[in-house]
Amino acid sequence: GLASNDRNRQRFAREAKAIERLDHPNIVKIWDYSGDKQEQCYIVTELVEGLNLRQVMEEQVEIPSEVIALIGMELCSALQYAHTLGFIHRDIKPENIMIRNDGSVKLLDFGIARFAEDEGLTMTKSLVGSPAYMSPEQAMDDKEHLPDHRSDLFSLGIVLFELITDELPYHGSNPSVILKNIIDNRRTQAHCITPQVSLMLSDCIESLLQTNRDLRLPDAQTVHQALKRVWEEAQLDHEDEEWSLR
């Protein structure tokens with residue numbers, strides 16, 4: 001149905017051309033797309049064999065803070081690269097993050113990403129993303145609170161919170177209640193649910209889950225440094241192959 005609309009096809013082609021530029025080891029590679037003349041619209045990506053984070057959480061009873069920090073650091077590398085080029089992912093969630101069989105982390109699905117420098121074809125007045133992982137500015141959906149790169153950092157904070165506690169920070173019986181709780185910042189701190197978590201990691205998540213985005217850590221590179229301190233606290237070297245995620 002979407003493909004039958006010329007405007008949608010134009011938007012799809014624009015986004016496919018844009019994300020085709022992304023070339024980073026922690027972002028799934030786009031090899032090709034359908035072009036303007038094909039009846040079907042499609043994107044051809046690299047094959048990623050492994051598990052997404054949702055499947056990892058279902059398999060693992062408890063994930064150590066240092067492992068969670070490593071996953072976060074690799075995601076920060078991907079986000080810093082994308083944000084520098086003007087991309088906002090807008091749908092960071094466990095299903096869009098894969099751990100490949102060799103241990104490398106891949107961020108998937110920039111399909112609903114907003115290319116920050118060109119919003120001319122972006123659909124308006126539509127709820128884009130997954131409510132439980134949305135930032136307050138996505139939830140408010142008004143011109144005064146347009147999402148920027150810090151929206152992805154908030155969503156990353158939710159993913160890290162869930163990896164630690166095995167539950168979401170913001171609860172609700174339906175999407176509207178969840179979004180209101182996100183806007184009002186009604187939640188429990190991660191270390192109150194899982195006391196054995198590294199306080200460095202819990203503090204980092206608290207810095208990401210600030211309703212006022214001006215109070216969050218400013219960029220993915222800064223988040224990367226905060227997560228690196230989890231390893232320094234544990235007196236481990238995250239670059240040592242013996243302790244790597246792989």
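This passage describes the overall make-up of a predicted protein model, followed by selected local features.

The protein contains nine helices and seven strands. Of its 246 residues, 50% count as buried. Among contacts with a separation of 6 or more, 68% link residues 24 or more positions apart. The accessible surface of the protein amounts to about 12,400 Å², and carbon and sulfur atoms contribute 48% of this surface.

One feature of the surface is a nonpolar patch of about 320 Å², formed by Trp 31, Tyr 42 and Val 44. Within this group, Tyr 42 lies in the loop between strand S1 (30-33) and strand S2 (43-45). The relative accessibility of Tyr 42 is 38%. Because buried means under 20% and exposed means over 50%, Tyr 42 is classed as partly exposed.

Strand S5 (residues 97-100) is paired with two other strands. With strand S3 (residues 50-52), S5 runs antiparallel, and three bridges join the two. Here Asn 52 has Met 98 of S5 as its bridge partner. With strand S6 (residues 105-107), S5 also pairs in the antiparallel sense, again over three bridges. In that pairing, Lys 106 of S6 is the bridge partner of Met 98.

The hairpin of S5 and S6 has four residues between the strands. Gly 103, located in this loop, adopts a positive phi near 95°. The relative accessible area of Gly 103 is 7%, and this residue is therefore buried, since the limit for that class is under 20%. Apart from its neighbours within four places in sequence, Gly 103 is in contact with Leu 245 and Arg 246. Gly 103 and Arg 246 are separated by 143 residues in sequence, yet their C-alpha atoms are 3.9 Å apart in space.

Among the helices, H5 covers residues 149-165. At 1.5 Å a residue, the 17 residues of H5 should span 24 Å. The C-alpha atoms at the ends of H5 are 25 Å apart, which agrees with that expectation. In H5, 16 of the 17 residues are buried, so this helix is largely enclosed by the rest of the structure. Asp 166 follows H5 and has a positive phi, near 65°.

Technical notes. Residues are numbered from 1 along each chain as its sequence is written. This is a predicted model: local features need pLDDT of at least 70, side-chain atom pairs count only at pLDDT 80 or more; totals for chains, interfaces and linings use all residues. Side-chain values use heavy atoms; hydrogens and water are left out. Patches are made of residues with over 30% relative accessible area and no salt bridge: like charges are joined within 9 Å, nonpolar side chains (Val, Leu, Ile, Met, Phe, Trp, Tyr) within 5 Å. Accessible areas come from the Shrake-Rupley method with a 1.4 Å probe; for residues, only the protein chains shown count as cover. A salt bridge is a side-chain nitrogen of Lys or Arg within 4 Å of a carboxyl oxygen of Asp or Glu. Buried means under 20% relative accessible area, exposed over 50%, partly exposed in between (1.4 Å probe, protein chains only). The expected span of a helix is 1.5 Å times one less than its number of residues. Two strands pair if DSSP finds at least two bridges between them. Contact means heavy atoms within 4.5 Å.
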